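Hello,

Here is the structure you were waiting for. My notes follow below it.

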Amino acid sequence: MRKKNEISETAKCFPAHGPLDKSGREVLLSLKNVDITFGKGENAVRAVKNASFDIYKGETFSLVGESGSGKTTIGRAVIRVNPLAAGEIQYKGVRISGKIPKSLDREVIRNIQMVFQDPAASLNERATVDYIISEGLYNFHLFENEADRVAKVEKMIDEVGLLKEHLTRYPHEFSGGQRQRIGLARAMVMEPELVVADEPISALDVSIRAQVLNLLKKFQTEKGVTYLFIAHDLSIVRFISDRIGVIYKGNIVEIADAEELFNFPLHPYTHSLISAIPIPDPKLEKNKVLFTYDPSIHDYSTDEPELVDIGHNHFVYGNKEEIEKYRALRDKNVPIKSIKILEEGEVQETHVSSGMTADEEEFLKVPIHDTGSIWYSVICFLLPPLGLLAMYLWNHFNHHRNYIACRKGTFLGFILWGIIIGFLLLSLLMVVI
């Protein structure tokens, strides 16, 4: 039975405030057991698996992981581009996934904006900057008159660090950093409560990244904007995030406060991401031991894993045995070193677990030029003595496929040579007799 203070999931508009969690924080966005699948039948790909997390009002929640892990898929699901196969997404306690009233759909567009990764592809090349920024204002009529619209656009273009004369220009006349500022202005002029920032700095120069990040923090301070910040670089998100979620192949494997995650990275995949952060000192970077995550270390055949709160607002993905190990490790309250630097004279171990299957590792052991080309068989067929030498050399250097090709050609070549020599000897014998 639904509680009186619980917001109806079929509401036609959003309430002024979202529900509060146990600590009294307002939950702005909530993902509950979200599954996202692409394709059907045997070709179906489960891009996101049972993802659950909350984003609190006014915070920056970062979602990090390698390419293809499902970060952008979740971001696009939040703005209702990607449909869900299971679970639901709630905004201020109201379900916004699946079929919802048209009035609520418009409010989602109005309240949740997105800043895209590619600043060039996300802007209409045939439209002026003035129209690009004003399009949302036109669609929702968020201005009293033309003078009010112009004033809002000019104020926003100034806040992102561009000039008023830029409004009459087209996107191709700007640099990458300037285009991203235009995309940010387009989103912020709508005065959204939540912004999904999909790797907004990955396509920018290092010197420009800090400027865009400062802009995001400026808007958060002045307007109370909440961010879902999608990235793959942990060194960036550490300094702008309140909380961080780590995703691996569609599974949320760890969620914690920013400093908590860096001081106590419990899941091995989080450990590997932190160890991959470059060190500015070239000597230290050269001696750094890179930790490679091996998913085969987990045995989930009998005990299914789940995302569990182990205390300190720290969630880790694992089975019961792993969760107990993580909890015991965290309860020691001793920071975990994710980066190891070799001392002088210390030799790094050459074997690093790759996380590949046995077939994949066997494939990579094969020399790159061991193709077993048919031309080796043809040449050895025509010149069998040369084939014997080639067989010896290929076998010596572990080119197994080339060795097989030469052996086949040499064998057939000697048979042909034997037939020809035998025929000539028989002919000579007949002539002598």
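Where does Asn313 lie? Asn313 sits in the loop between strand 12 (306-309) and strand 13 (315-318); strands are DSSP E runs of at least two residues, helices H or I runs of at least four, both numbered from the N terminus.

Some ground rules. This is a predicted model, where local features need pLDDT of at least 70, side-chain atom pairs count only at pLDDT 80 or more, and totals for chains, interfaces and linings use all residues. Residues are numbered from 1 along each chain as its sequence is written, and side-chain values use heavy atoms, with hydrogens and water left out.

**Backbone.** Most residues other than glycine have a negative phi. Asn313 has a positive phi near 55°. Lys92, also not a glycine, has a positive phi of about 55°. Lys92 is in the loop between strand 4 (86-91) and strand 5 (94-95). At 5% relative accessibility, Lys92 is buried; Asn313, at 23%, is partly exposed. Buried means under 20% relative accessible area, exposed over 50%, partly exposed in between (1.4 Å probe, protein chains only).

**Cores.** A nonpolar core is a set of buried Ala, Val, Leu, Ile, Met, Phe, Trp, Tyr and Cys residues joined through side-chain atoms within 4.5 Å. The largest has 55 residues. Val160 and Phe219 are among the members that touch the most others. Beyond four places in sequence, Val160 is in contact (heavy atoms within 4.5 Å) with Arg181, Ala185, Leu215 and Phe219. Another core, of 32 residues, lies apart and includes Leu28 and Val78.

**Helix 15.** Its buried residues include Asn402, Tyr403 and Gly413. Helix 13 (374-382) and helix 14 (384-396) are among the elements covering the buried residues of helix 15.

Best wishes
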